[in-house]
Amino acid sequence: MEGQTFERVILRRKNLRIPFPDCFVERLTGQQILHVNRRAKYLLIETLDEVLIWHLGMSGQVRIYKIDEQVEPIGKHDHVQFDLSSGATIVFTDPRRFGLMDLTKPKHLADHRLLKDIGPEPLGNTFSGPILAHRLKARRGPIKQVIMDGKVVAGVGNIYASESLYRAGISPKRSAATVQGGRAEKLVNAIQSVLGAAIEAGGSTLKDHRTTDGGLGYFQFSFAVYGRTGQACPDCDCDISLTKGIRHLEQGGRSTYYCPRKQR
Ligand SMILES: [Zn+2]
């Protein structure tokens, strides 16, 4: 998309999870796309005058039809279409309509209501041991639940919280406030390596995930602890007959998995 212009914008509804902003089509048409970025789960399509904030919701899908590729007939859930100056077409399909699109001016982006309270990007350079330690200092809840709070750090979901804590050797039950110094450092490294490996593998969760050319997602990321109750953890030197292997725990209604011996 970068460098292309929105030649034609087609809107087939007034709203998704929230209404489309007034003059959505007029504001985007003719704008050249400078950058395509992401903040937490929001895609940010930046032009000179506007930023398109785009969330796919639970199961929204983006199809990209390259130049000269035949665009499939419009389906009833194809709510938005962008025709770009390159000849490519982008279609947003969102059957459950949990997705959203909003527009803001570039200078107001950081203060936008959807973005302003989001914590640092885990793979960005504003995330570090000292920064995480500072954000955890006043939090008394268990680290597993606190690390999933998007205001602390963006994008550490349920599976990756368990996996990161395992790699860092930190018990999910430990009070978040006590994850300081070297422990916070280890946790940052663990989160970054787990997310890096998961991205490399193409993600791990959604059954209805599709790639932008319509193919199925691929789920190669293998879990160390998640969903492996009673089994040995990787490189395990634990005596399973004593430890009973990986344990399962409910925290805030979500499943946690951990090794009671390696995680303290
Ligand atoms: Zn173990």
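Predicted model: local features only at pLDDT ≥ 70, side-chain atom pairs only at ≥ 80, totals over all residues.
Trainee: OK, sheets then. What is the strand order in the open sheet that has β8 in it?

Mentor: The order is β2-β3-β4-β8, an open sheet of 4 strands with antiparallel pairing. Strands here are DSSP runs of E with at least two residues, helices are runs of H or I with at least four, and both are numbered from the N terminus; two strands pair if DSSP finds at least two bridges between them. The edge strands are β2 (33-39) and β8 (100-104), each of which pairs on one side only. On average, neighbouring strands of this sheet are turned by 20 degrees against each other, direction ignored, with axes taken as lines fitted to C-alpha atoms (for helices over the stretch in contact) and angles running from 0 to 180 degrees between N-to-C directions.

Trainee: How many bridges join β3 to β4, and how many join β4 to β8?

Mentor: Strand β3 (residues 42-47) is joined to strand β4 (residues 51-55) by 5 bridges, with Leu 44 partnered by Ile 53 in β4. Between β4 and β8 there are 5 bridges, again antiparallel, and there His 55 has Leu 100 in β8 as its bridge partner.

Trainee: Is β8 buried or exposed?

Mentor: Strand β8 is largely enclosed by the rest of the structure, because 5 of its 5 residues are buried, where buried means under 20% relative accessible area, exposed means over 50% and partly exposed lies in between (1.4 Å probe, protein chains only). Leu 100, Asp 102 and Thr 104 point one way from the strand, whereas Met 101 and Leu 103 point the other way.

Trainee: And which strands make up the sheet with β1 in it?

Mentor: That open sheet has the order β1-β6-β7-β5, with antiparallel pairing, and its edge strands are β1 (6-11) and β5 (61-65). The twist averages 15 degrees from one strand to the next. Strands β6 (residues 78-84) and β7 (residues 89-93) pair over 5 bridges, and Asp 78 stands opposite Thr 93 in β7.

Trainee: Switching to helices: how does the span of α5 agree with what it should be?

Mentor: Helix α5 (residues 181-201) has 21 residues and should span 30 Å at 1.5 Å a residue, which agrees with the 31 Å between its end C-alpha atoms; the expected span is 1.5 Å times one less than the number of residues. Its buried residues, including Leu 187, Ile 191 and Leu 195, pack against α2 (129-136), α3 (143-147) and α4 (158-168), with contact meaning heavy atoms within 4.5 Å. Just after α5, Gly 202 takes a positive phi of about 90 degrees.

Trainee: What about α4, is that helix enclosed or open?

Mentor: Helix α4 is largely enclosed by the rest of the structure, because 10 of its 11 residues are buried, and what covers those buried residues includes α3, α5 and β10. One of the buried residues is Asn 158, at a relative accessible area of 9%; leaving aside neighbours within four places in sequence, Asn 158 is in contact with Lys 144, Met 148, Tyr 226, Arg 254 and Ser 255.

Trainee: Which residues have the most contacts inside the largest nonpolar core?

Mentor: They are Leu 132, Leu 136, Ile 143, Ile 147 and Leu 187, in a core of 28 residues, a nonpolar core being a set of buried Ala, Val, Leu, Ile, Met, Phe, Trp, Tyr and Cys residues joined through side-chain atoms within 4.5 Å. The largest share of this core, 9 residues, comes from α5. A second, separate core of 18 residues includes Phe 24, Leu 28, Leu 52 and Trp 54.

Trainee: Last one: what coordinates the zinc ion?

Mentor: Cys 233, Cys 238 and Cys 259 coordinate the zinc ion through their SG atoms at 2.2 to 2.3 Å, with donors defined as N, O and S atoms within 2.8 Å of the metal (3.2 Å for Na, K and Ca), and since water is not among the atoms, sites may look incomplete. The donor spacing in sequence is C-x4-C-x20-C. Cys 233, in the loop between α5 and α6 (240-243), and Cys 259, in the segment after β10 (254-258), are 26 residues apart and link distant parts of the chain. Cys 233 counts as buried at 4% relative accessibility, and Cys 259 is buried at 2%.

Key:
Residues numbered from 1 in each chain as written. Heavy atoms only, no water.
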